[in-house]
Amino acid sequence: MTPPAFTLRHVTDPNDPAIAAFGRVQEASYYAPDMLIPPEVFAHLITRRTTEREDRLLVAQTPDGEVLGGTLYALLPLPGGLRGAGFNSFMAVTRAARGLGVGRALHGETLRVIRDAGLAGMFADSVHPTRQNEEDRAAETATGVDPAQRRAALHCIPPPWEKG
């Protein structure tokens, strides 16, 4: 079977159907969806731009518009000569698209944007599996994600400006 082709694009229109589609991917991918930013807030986030924060939604889509994954992240510049950073709020890929390079492509594009904005790097919130109780680890595993592999994958992706 040939993996589906996909392209990455930033969602800028608050009425874009990709917002709701990413919300469904997010909710299906996380073991505690009640702790996530609700999808109905995404439209507000991507249209709110200040000198302190710019939220962005990047999605991976097939040519027919299916959202395979996405990431909600923010550019957080600091005033003066200080360099700020990016913050990855959430990244998710559908079960069917896992292992096809979608997450790596999303991560790489996010890091490129952050670097092009002159920011120092990106930080991401990733719960360490040893801080989860047995019930949470089992719930995450039920979404098709191994908590230890998730954490290891986040730490092994090199920035696009590094060769390796």
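**Reading a mixed sheet and its salt bridges**

Mentor: Start in helix H3, where Arg112 and Glu109 are 3 residues apart, so about one helical turn separates them. Helices (H or I, at least four residues) and strands (E, at least two) are DSSP runs, numbered from the N terminus. The model is predicted: local features need pLDDT of at least 70, side-chain atom pairs count only at pLDDT 80 or more, and totals for chains, interfaces and linings use all residues. Residues are numbered from 1 along each chain as its sequence is written, and side-chain values use heavy atoms, with hydrogens and water left out.

Trainee: What do the side chains of Arg112 and Glu109 form?

Mentor: The general idea comes first. Side chains of opposite charge can pair when their charged atoms come close. The cut-off for a salt bridge is a side-chain nitrogen of Lys or Arg within 4 Å of a carboxyl oxygen of Asp or Glu. Arg112 and Glu109 meet in such a salt bridge, at 2.6 Å from N to O. Arg112 counts as partly exposed because its relative accessibility is 37%. The classes are buried (under 20% relative accessible area), exposed (over 50%) and partly exposed in between, with a 1.4 Å probe and protein chains only.

Trainee: Which residues do salt bridges with shared partners join into one network?

Mentor: Arg48, Arg53 and Asp55. Within it, the closest N and O atoms of Arg53 and Asp55 are 2.9 Å apart. Arg53 has 29% relative accessibility, so it counts as partly exposed. Asp55 has 1%, so it counts as buried.

Trainee: How many salt bridges does the structure hold?

Mentor: It holds 7. Glu54 and Arg49 make one of them, at 3.4 Å from N to O. Glu54 is buried because its relative accessibility is 18%. Arg49, at 45%, is therefore partly exposed.

Trainee: Now the sheet. In what order do the strands lie?

Mentor: Strands of a sheet pair through backbone hydrogen bonds, either parallel or antiparallel. The criterion used here is that DSSP finds at least two bridges between two strands. In this model 5 strands form an open sheet, ordered E1-E2-E3-E4-E5, with mixed pairing. Strand E1 (7–11) and E5 are the edge strands, and each pairs on one side only. From one strand to the next, the twist averages 30°.

Trainee: In which sense does E4 pair with E3, parallel or antiparallel?

Mentor: Antiparallel, over 8 bridges, with E3 spanning residues 67–76. Leu76 has Ala85 in E4 as its bridge partner. With strand E5 (residues 122–124), E4 pairs in the parallel sense, over 3 bridges. On that side, Gly86 has Met122 as its partner in E5, and Asn88 has Ala124.

Trainee: Through which helix does the chain cross from E4 to E5?

Mentor: Through H3 (residues 102–116), in a right-handed β-α-β crossover. Right-handed means that, with the strands pointing away from the viewer, the path from the first strand over the helix to the second runs clockwise.

Trainee: How many residues of E4 are buried?

Mentor: E4 (residues 85–93) is mostly covered, with 7 of its 9 residues buried. In the loop that leads from E4 to H3 sits Thr94. Thr94 is buried, because its relative accessible area is 16%. Its contacts (heavy atoms within 4.5 Å), leaving aside neighbours within four places in sequence, are Val25, Val67 and Leu68. Gly101 lies in that loop between E4 and H3 too. Gly101 has 33% relative accessibility, so it counts as partly exposed.

Trainee: What span does H3 reach?

Mentor: The expected span is 1.5 Å times one less than the number of residues. H3 has 15 residues and reaches 21 Å from first to last C-alpha, close to the 21 Å expected. Its buried residues include Val102, Leu106, Leu111 and Ile114. After H3 comes Gly118, with a positive phi near 80°.

Trainee: Which strands does helix H1 lie across?

Mentor: Axes are lines fitted to C-alpha atoms, for helices over the stretch in contact; angles run from 0 to 180 degrees between N-to-C directions. H1 (residues 17–29) lies across E1, strand E2 (54–61), E3 and E4, at about 95° to E3. Helix H2 (residues 39–47) lies across E1, E2 and E3, and runs at about 120° to E2.
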